[in-house]
Structure formats: C-alpha cells, structure tokens
Amino acid sequence: MKGLDRDDPRRIRSPRELTEAVKALGFLPLFANEVPGFSAEERVCAHDWWTGDRERDPWEWREVIAGAREVAYGKFFDGRAGFISPEWLPVFANARRNGFDFDGKWQSGAASRREKAIMEHFMDVESEDEPVFTGAAIRSTELKRMAGFGKGGEKNYPGIVTGLQAQLYLVIGGFARRRNKRGAEYGMPVSVLMTPESIWGYGHMSSAYGEEPAQSWQRIFDRVQALYDAPEADIARMVGKRPEA
C-alpha cells in the first residue's frame, strides 16, 4: 500500500479527519490511482490497512464514514470506491446523469431493464413534478434477490449496481452484517444501498440541473487538475466520460 509513515504530521488519523479532508477537497477516491496524490490511501498510514482496528484501519473507517452520511460513499471513480462531499454531489449528479433523473432516463429509453429492476425498489409512484423516493436502505445481498438477479435470473448484478453508483442514482449508506435466528451478527459486512436523494434531498441533488452536464463535468475536471499534477487523460479517466454538449 502507498501512504505515509505513522509519525508523519500530514497523516490522516481518524474517520473524522478523513471526512473533513473530503469536505475540504470536494471528493476523493479511496485507493491510489493514475492521478498521484488523489486518494485517501496516500494520506493515511500504509501499515494500518486491514488490521481490523477500527481506530486505525482506513478499511474500517469507510464503514464508519458511510454510516455517518456526512459525505457520500460509493463506487464513483472509474468503478472504484471513493467519497464526495455534499457540496459537490449535485455537480457529479448532473454530469454523470447527463441531466436525467432515473425516471426520465427510463422514459427516454436510456435506462436498461436491469437498472429499472433495481431502482424500482427505491422509488415510489412517478410524479409529474419530481420523483418520489421511498427512503429505503436495502442490503446489497437482499436487493440482489428482490430485483431478480442470481441463479436462474438476471446477470451482472455487481456491474449494474456499480453503474448506478457511478451515475449517483445510488450510494452506499452504511454496512450491515447478517443475523442468525438468535439475532447474533455473523459474516462479512454487506453494503447498504440508498438513493442520495433520500439522504440529502431531491432539491439539493437536482440543484445543478440548471447548467449543462458538460459544464458540471468541466468543473470536476478543473478541480482535480488544480490540485494534482497528472496528464489530462488520466484525470479524465478518474473523472469519468465527458457528457456530450
């Protein structure tokens, strides 16, 4: 793992410090990538990963941060996990959705049947004014069954869910472990999926819809370029495909 020495004064030392860093920067991938410096991994101690120590382990921190819902967590960057501050969420939503709420994307024919099979568990009846979100928080394993994926059903559940996160239609709102009949937790933690609208509100998430999606994309690109020294092609890969003007 890349990262800093434990005694480096620049090191992020807690979930709170990482959350504050995300708010200050605007957005940050979890792991190192093609853009040097553009990750949480490069700002924490390299030796603390996967220790299971909730006080020190950044892998554990992601659960804490996702559950606190002060910033968004999900697979937002080239299919890889990361964080986005509330300030930048509308900008990402406008750029990644190309100006479409999910119901609008479906009605235009741009959404797939498998995407709809997942999203219909988070949206209520369609409204003429704006989409209505149920506020559901569903474990990924349960959502897979509910949406008809798995053995004998639809295929590529991980890919479809990752794509919906990339478009900011879904975020990871926490993690939960399974429980046995006696109520005891067991197994690995499972992501809990939610719509960002159910956390931050539709008005906030749609607040950048007034500008062209390509303009929102450019704002994200310019922010990364201002903070990190990397080739434009590498920045564009992490930022995502530029919407057509």
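**Close-up 1. Buried residues of helix α11 in the predicted model.** Helix α11 spans residues 232-239. Ile235, Met238 and Val239 are buried in this helix. They cover an arc of only 100 degrees around the axis, so they lie on the same side of α11. Gly240 follows α11 and has a positive phi, near 105 degrees.

**Close-up 2. The hairpin of β2 and β3.** Strand β3 covers residues 80-84. It pairs with β2 in the antiparallel sense, over five bridges. Lys75 stands opposite Ala81 in β3. Two residues lie between the strands of the hairpin. Asp78 is in the turn, and its phi is positive, about 55 degrees. Strand β2 is largely enclosed by the rest of the structure, because five of its six residues are buried.

**Close-up 3. The ring pair of Phe27 and Phe77.** A pair of aromatic rings is described by the distance of the centres and the angle of the planes. A search of the whole structure finds 19 aromatic pairs. In the pair of Phe27 and Phe77, the ring centres are 6.4 Å apart. The planes meet at 25 degrees, so the pair counts as stacked. This pair links distant parts of the chain. Phe27 belongs to strand β1 (residues 27-29) and Phe77 to strand β2 (residues 72-77), 50 residues apart. Both Phe27 and Phe77 are buried.

**Close-up 4. An aromatic cluster and the contacts of Phe38.** One aromatic cluster is formed by Phe27, Phe38, Phe76, Phe77, Trp88, Phe92 and Tyr228. Leaving aside residues up to four places away in sequence, Phe38 touches Phe27, Phe77 and Tyr228, among others. Its contacts also include Leu28, Pro29, Val224 and Met238.

**Close-up 5. The largest nonpolar core.** In soluble globular proteins, nonpolar side chains tend to be buried together. Here the largest nonpolar core has 62 residues. Leu18, Phe27, Phe38, Ile84 and Ile118 have the most contacts inside this core. Helix α3 gives the most to the core, with five residues.

**Close-up 6. Charged ends over tryptophan rings.** The charged end of Arg62 sits over the ring of Trp59. Its distance from the ring centre is 3.6 Å. Lys116 has its charged end over the ring of Trp106, 5.3 Å from the centre.

Definitions and conventions: Residues numbered from 1 in each chain as written. Predicted model: local features only at pLDDT ≥ 70, side-chain atom pairs only at ≥ 80, totals over all residues. Heavy atoms only, no water. Phe/Tyr/Trp six-rings, centres within 6.5 Å; stacked < 30°, edge-to-face > 60°. Helix = DSSP H or I, 4+ residues; strand = E, 2+ residues; numbered from the N terminus. Buried < 20%, exposed > 50% of the residue type's maximum accessible area, 1.4 Å probe, protein only. Lys NZ or Arg CZ within 6 Å of the ring centre and 35° of its normal. Pairing = 2+ DSSP bridges. Arc of directions from axis to C-beta. Core = buried A, V, L, I, M, F, W, Y, C linked by side-chain atoms within 4.5 Å. Contact = heavy atoms within 4.5 Å.
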